[in-house]
Number of protein chains: 2
Amino acid sequence: MEKQFRTNLINSLSGFKSVVLLGSKNTEGVENLSVISSVIHIGANPALMGFVMRPVTTQRDTYKNILAIGDFTFNHIQPSFVEKAHQCAARYDASISEFEAVGLTPFYSERMNAPFVKESQVRIGLSLEQVIPIPLNQTSLIIGAVKEIYCPESVVLPDGNIDIEAAWSITVSGLDTYHKTEKIARFSYAKPDRQLTQIS
Amino acid sequence: MEKQFRTNLINSLSGFKSVVLLGSKNTEGVENLSVISSVIHIGANPALMGFVMRPVTTQRDTYKNILAIGDFTFNHIQPSFVEKAHQCAARYDASISEFEAVGLTPFYSERMNAPFVKESQVRIGLSLEQVIPIPLNQTSLIIGAVKEIYCPESVVLPDGNIDIEAAWSITVSGLDTYHKTEKIARFSYAKPDRQLTQIS
C-alpha cells in the first residue's frame with residue numbers, strides 16, 4: 001500500500017476524533033499552539049486526560065515545552081477559527097509563536113503557566129502527570145491532570161454535562177477534515193431488561 | 001463536587017469522541033459487544049489502534065475475552081442502530097450475548113476469531129499487541145494491530161481516506177449523547193507562509 005494512502009486510511013478508521021489546540025510555552029516564554037486529534041478521556045476521579053505524542057513531528061516543541069514547564073492547555077475548536085487552527089499544524093520555527101502566525105489570542109489564567117486560546121469557548125488547563133512510552137511505535141501517551149476549566153455557564157447542564165455542541169465545538173476525521181455535529185439523541189443509563197428512554 | 005456531576009463534566013471535556021462497538025468472544029464461544037468511546041489512533045505504520053479499559057466495568061468480559069482469544073473487532077455505529085449500541089453498555093451476565101440481547105447480527109471473517117457487527121458499515125479486525133498499564137488510575141491502554149478492514153468501496157476516497165460521514169458513522173459526547181456530523185471543510189497540508197486551500 002502506498003504510504004500516504006495507508007496513512008489516510010488508518011487515520012480515518014478510528015472514527016470521529018476530539019480535536020483541540022494545545023497551548024504551551026518554552027522557558028524563554030515563546031508560546032506554542034499545536035493541533036491535537038488524539039485527546040482521550042483517562043478518568044474522572046482523579047480528572048485525567050491524555051493524548052498520543054508522535055516520536056518526531058511538528059509537536060516536538062510541544063513535547064519539550066510540556067516537559068520543561070509542566071503546564072499545558074486544551075482548547076476546543078469552533079468553526080469560526082477552524083482554518084487558523086489547521087494552520088497551527090505547519091512546522092513553524094521554535095522561535096515563532098503560532099498565536100501570532102495564525103492570528104489567535106493568548107489568554108493567561110492566574111494559575112497556569114501556559115497560554116489558553118481566548119477565542120475558544122471550552123478551555124482546559126492541565127499539568128503533566130505522566131509520560132507513558134508506547135514501545136510498539138516510539139510514540140508516548142502524555143497524561144495531564146485537569147486543573148482549570150473555562151466554559152460559558154449557559155452550556156453546562158444541571159447534571160454536569162457540558163453541551164459541547166451548543167458551545168460550537170467541532171470534530172475531525174482523518175488528518176484534515178473538520179465537521180460540526182447534530183445531536184441524534186441522549187439515552188438513559190443502560191440496564192439489562194429495561195427499555196432505554198431519551199433524555200431531553 | 002458531587003460524583004456524578006464530576007463524571008459527566010470531565011467526560012464531556014475531552015470533546016467529541018470516537019464510538020465503536022467492540023466485538024469479542026470467550027473461550028466457550030459466547031459473544032460479547034461493548035460500547036467503547038475511548039478509541040484512539042496510535043499509528044499508521046504499523047497500523048495500530050488503542051482504547052482505554054477501565055479497571056472494573058461492564059467491559060470486564062471484553063478484557064477477559066481479548067486476553068484469552070487475542071482477536072477483537074471495532075465496528076462503527078450508525079444512527080439506524082444507535083439505541084441498540086447504547087444498550088450494549090448494560091451489565092449483562094457473561095453467559096449472555098449482547099448481539100442477541102439487543103438484536104444485532106454477528107458476522108465472521110475467515111481470519112478473525114471475534115465477531116463483527118453485520119449492520120456496521122465500517123468494521124475493523126484487530127489482534128492484541130500490548131496492554132499498557134496506566135498506574136495513575138488503574139486503567140490500561142489496550143493496543144491492537146489492524147488486520148482487516150471492511151467498508152463500502154464507495155466511501156473510500158482515491159487518496160485512502162474513508163469518508164466516514166458518508167458511511168453514516170456517528171460520534172459521542174460525554175457518556176450518553178450521540179451526534180451525526182456535517183462536514184465544514186477539508187484543508188490542504190499546512191506549511192508556514194503558504195495559504196491553506198480547501199480540498200473538495
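**Figure 1. Polar contacts between chain A and chain B in the predicted model.** Between chain A and chain B, 34 residue pairs are in polar contact, both residues of each pair having pLDDT 80 or more. On the side of chain A that touches chain B, the elements giving two or more residues are α1 (3–13), β3 (39–44), β4 (47–53), α3 (82–87), β8 (123–134), β9 (139–150), β10 (171–173) and β11 (177–186) of chain A. By residue class, this side of chain A divides into 45 nonpolar, 29 polar and 14 charged residues. The model is a predicted one.

**Figure 2. Extent of the interface between chain A and chain B.** Chain A and chain B each bring 88 residues to the contact. The size of an interface is often given as the accessible area lost when the parts come together. Here the area buried between chain A and chain B is about 7600 Å², and carbon and sulfur atoms give 64% of that area. Of the interface residues of chain A, 100% are also interface residues in chain B, so the copies meet through the same surface.

**Figure 3. The rotation that relates chain A to chain B.** Chain A is superposed on chain B by a rotation of 180° with 0.0 Å of shift along its axis, and the RMSD is 0.0 Å. The two copies are therefore related as by a two-fold rotation axis. Thr181(A) is the residue of chain A that comes closest to the rotation axis, its C-alpha lying at 2.1 Å.

**Figure 4. Salt bridges between the chains.** A search of the whole structure gives six salt bridges over all chains, and the count between chain A and chain B is two. In one salt bridge, the side chain of Arg186(A) meets that of Asp176(B), with an N to O distance of 2.9 Å. This pair joins two chains, because Arg186(A) lies in strand β11 of chain A whereas Asp176(B) lies in the loop between β11 (171–173) and β12 of chain B. A salt bridge is also formed by the side chains of Arg186(B) and Asp176(A), at 2.9 Å from N to O.

Figure 5. Strand β11(A) pairs with strand β12 (residues 177–186) of chain B in the antiparallel sense, over nine bridges. Within this pairing, Tyr178(A) has Ala185(B) of β12(B) as its bridge partner.

**Figure 6. The open sheet built from strands of both chains.** Five strands form this open sheet, with antiparallel pairing, in the order β10(A)-β11(A)-β12(B)-β11(B)-β1(B). At the edges stand β10 of chain A and β1 (17–18) of chain B; each has a single partner strand, so one side of each is left without a neighbour in the sheet. On the chain B side, β11(B) and β12(B) are antiparallel and pair over three bridges. Ser173(B) is placed opposite Thr177(B), a residue of β12(B). In a regular strand the side chains alternate between the two faces of the sheet.

**Figure 7. The hairpin of β10(A) and β11(A).** The antiparallel strands β10(A) and β11(A) are joined by three bridges. One bridge partner pair consists of Val172(A) and Tyr178(A), the latter in β11(A). The two strands β10(A) and β11(A) form a hairpin with three residues between them, and Gly174(A) in the turn has a positive phi of about 60°.

Figure 8. Most residues other than glycine have a negative phi, and most peptide bonds are trans. In chain A, Asn45(A) and Pro46(A) are joined by a cis peptide bond with omega of about 5°. Pro46(A) belongs to the loop between β3 and β4 of chain A. In chain B, a cis peptide bond with omega of about 5° joins Asn45(B) to Pro46(B). Pro46(B) sits in the loop between β4 (39–44) and β5 (47–53) of chain B. Trp168(A), although not a glycine, has a positive phi of about 70°. The location of Trp168(A) is the loop between β9 and β10 of chain A.

Technical notes. Residues numbered from 1 in each chain as written. Chains lettered and ligands numbered in written order. Heavy atoms only, no water. Contact = heavy atoms within 4.5 Å. Buried area = accessible area lost by both parts, 1.4 Å probe. Salt bridge = Lys/Arg side-chain N within 4 Å of Asp/Glu carboxyl O. Polar contact = N/O pair within 3.5 Å; in protein donor to acceptor, adjacent residues only side chain to side chain. Helix = DSSP H or I, 4+ residues; strand = E, 2+ residues; numbered from the N terminus. Nonpolar A, V, L, I, M, F, W, Y, C, P; charged D, E, K, R; others polar. Pairing = 2+ DSSP bridges. Least-squares fit on C-alpha atoms with pLDDT ≥ 70 in both.
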